[in-house]
Amino acid sequence: LVYHATAAALVLAVRAVADGRSGAFNLGTGTAHTVREVVRAAETAAGRIVPHVFGPRRPGDVAQLVADPARAHRELDWQATRDLGAIAESVWRWHTERTGAKK
């Protein structure tokens with residue numbers, strides 16, 4: 001599940017703080033995805049259409065935002081292990097286990 005990788009990173013970060021190191025660590029994959037790609041991944045994981053409406057970017061919205069995990073990799077020896085499809089599958093599995101939703 002997705003939270004396992006995140007939990008591992010948190011354990012590594014706590015150990016770093018205990019060793020006298022601290023800082024902010026991005027836990028992303030370093031890969032940008034469009035909103036459309038995220039919707040498609042969710043639809044694939046759920047096996048159904050996800051209702052959505054695309055509209056213009058709002059004032060102040062950034063064109064692209066990518067989490068750079070380089071510091072987490074360098075200082076914690078951590079890196080993301082799942083791609084967008086695997087993350088969506090894991091989130092859908094978590095959701096269905098808690099709500100009884102079906103594919």
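## Salt-bridge network

R71, R74 and E75 are joined in a network of salt bridges, a salt bridge being a side-chain nitrogen of Lys or Arg within 4 Å of a carboxyl oxygen of Asp or Glu. The model is a predicted one, in which local features need pLDDT of at least 70 and side-chain atom pairs count only at pLDDT 80 or more, while totals for chains, interfaces and linings use all residues. Residues are numbered from 1 along each chain as its sequence is written, and side-chain values use heavy atoms, with hydrogens and water left out.

R71 and E75 are 4 residues apart in helix α3 (residues 70-76), so about one helical turn separates them; helices (H or I, at least four residues) are DSSP runs, numbered from the N terminus. For R74 and E75 the closest N and O atoms are 3.8 Å apart.

## Accessibility of the network

Accessibility is classed by relative accessible area: buried is under 20%, exposed over 50%, and partly exposed in between (1.4 Å probe, protein chains only). R71 is partly exposed, at 26% relative accessibility, and E75 is also partly exposed, at 29%. R74, with a relative accessible area of 57%, is exposed.

## A further salt bridge

The structure has 4 salt bridges by this rule. One of them links D61 with R58, whose closest N and O atoms are 3.1 Å apart. D61 counts as partly exposed at 31% relative accessibility, whereas R58 counts as exposed at 58%.

## Arginines over rings

Two contacts between arginine and phenylalanine can be described next. A charge sits over a ring if NZ of Lys or CZ of Arg is within 6 Å of the ring centre and within 35 degrees of the ring normal. The charged end of R36 sits over the ring of F54, 4.4 Å from its centre.

There are 0 aromatic pairs in the structure; rings of Phe, Tyr and Trp (its six-membered ring) would pair with centres within 6.5 Å.

## Confidence

The average pLDDT (the predictor's confidence in each residue, from 0 to 100) is 90 for the protein, and 97% of the residues score at least 70. Confidence is lowest in helix α1 (residues 2-18), with a mean of 83, and highest in helix α2 (residues 35-46), at 96. Where pLDDT is low, predicted coordinates should not be read in detail.

Technical notes
Helices (H or I, at least four residues) and strands (E, at least two) are DSSP runs, numbered from the N terminus. Rings of Phe, Tyr and Trp (its six-membered ring) pair if their centres lie within 6.5 Å; planes under 30 degrees apart count as stacked, over 60 as edge-to-face and the rest as tilted.
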